[in-house]
Amino acid sequence: MKFTEEYNDPILYDKENNSYQEDVSYLLKWASKTGGPIIDLACGTGRAAIPLASKGHRLIGVDAHSGMLNLAREKSAGLGLQIEWVEQDCRGLSLNVKSPFMFSVGNSFQHFLTNEDQDDFLSSVNKHLERGGIFVFGSRFPSVEELLQPAEEEYWKTYIDPVSQNKVDVYTISTYDSLSQIQHYITVRKFYDSEGMQTNEKRTSINLRYVFPREMERLLLNNGMEIVHVFSDWQETPVRSDSYEMVYVCRKMREI
């Protein structure tokens, strides 16, 4: 599997994403209802799996990127958590286990760029879910504002590096291909020293596939799942035409 440049630096990825916990609170609700083993697909550095395991749940984290998994192992070992980390492509999952609850967060679903990729991924989910089991995942909403961003550098956010305590400004450049439904992103990070002087700039690229709601309904149905809920965030807000995200809660209805 070809990896995007965004994941070449797992430590930087962790600095920018590890503090996000809104989805974890929601996942804990389902974890308490369904039991384990719980499977975290495209688990990355364990941002979601580790907090769930720390609450006593049995977790299996799966990712195809060895660098991300190595950092996840290091973090969980440091906390004394027994999480099973598995290096596999989620499109051809083979774990020899059935789960009552699986999830994939961080909009990882958008990394499956073709129809075949999406079907292979959801087929793997179906194969490893118990009948009646729950699968939760998120994907960015294909709003007009999201897709038709100008192809020029736009400010996104600023954060403070937790190690150096220095500022990092983040910008994006995006181009949407309406035929493939793929957004081509360039992320520009500008690093500053303690005096506020820019010291470095890093550019990475990433491609993300957007799926429209009606398209997603058919995709999930064809892969043996019914949609239980669709939200626009992890606080269970209903989806609207100007939403930024779609959070799907699905139930496996049949084998495929």
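Start by selecting Phe109, Phe112, Phe121, Phe135, Phe137 and Tyr248: ring pairs link them into a cluster. Rings of Phe, Tyr and Trp (its six-membered ring) pair if their centres lie within 6.5 Å; planes under 30 degrees apart are stacked, over 60 edge-to-face, and the rest tilted. What you have open is a predicted model, where local features need pLDDT of at least 70, side-chain atom pairs count only at pLDDT 80 or more, and totals for chains, interfaces and linings use all residues. Residues are numbered from 1 along each chain as its sequence is written, and side-chain values use heavy atoms, with hydrogens and water left out.

The whole structure holds 12 aromatic pairs. Zoom in on Phe121 and Phe135: the ring centres are 6.1 Å apart and the planes sit at 65°, so this pair is edge-to-face. Phe121 is in helix H5 (residues 115-128) and Phe135 in strand E5 (residues 129-140), 14 residues apart; helices (H or I, at least four residues) and strands (E, at least two) are DSSP runs, numbered from the N terminus. Is Phe135 buried or exposed? It counts as buried, at 0% relative accessibility, and Phe121 is buried too, at 1% (buried is under 20% relative accessible area, exposed over 50%, partly exposed in between, with a 1.4 Å probe and protein chains only).

Next, pick Tyr176 and Tyr210, with centres 6.5 Å apart and planes at 90°, so again edge-to-face. Tyr176 belongs to strand E7 (residues 167-177), while Tyr210 is in the loop between strand E9 (198-209) and helix H7 (213-222).

Last stop: show Lys190, whose charged end sits over the ring of Tyr171, 4.5 Å from its centre (NZ of Lys or CZ of Arg within 6 Å of the ring centre and within 35 degrees of the ring normal).
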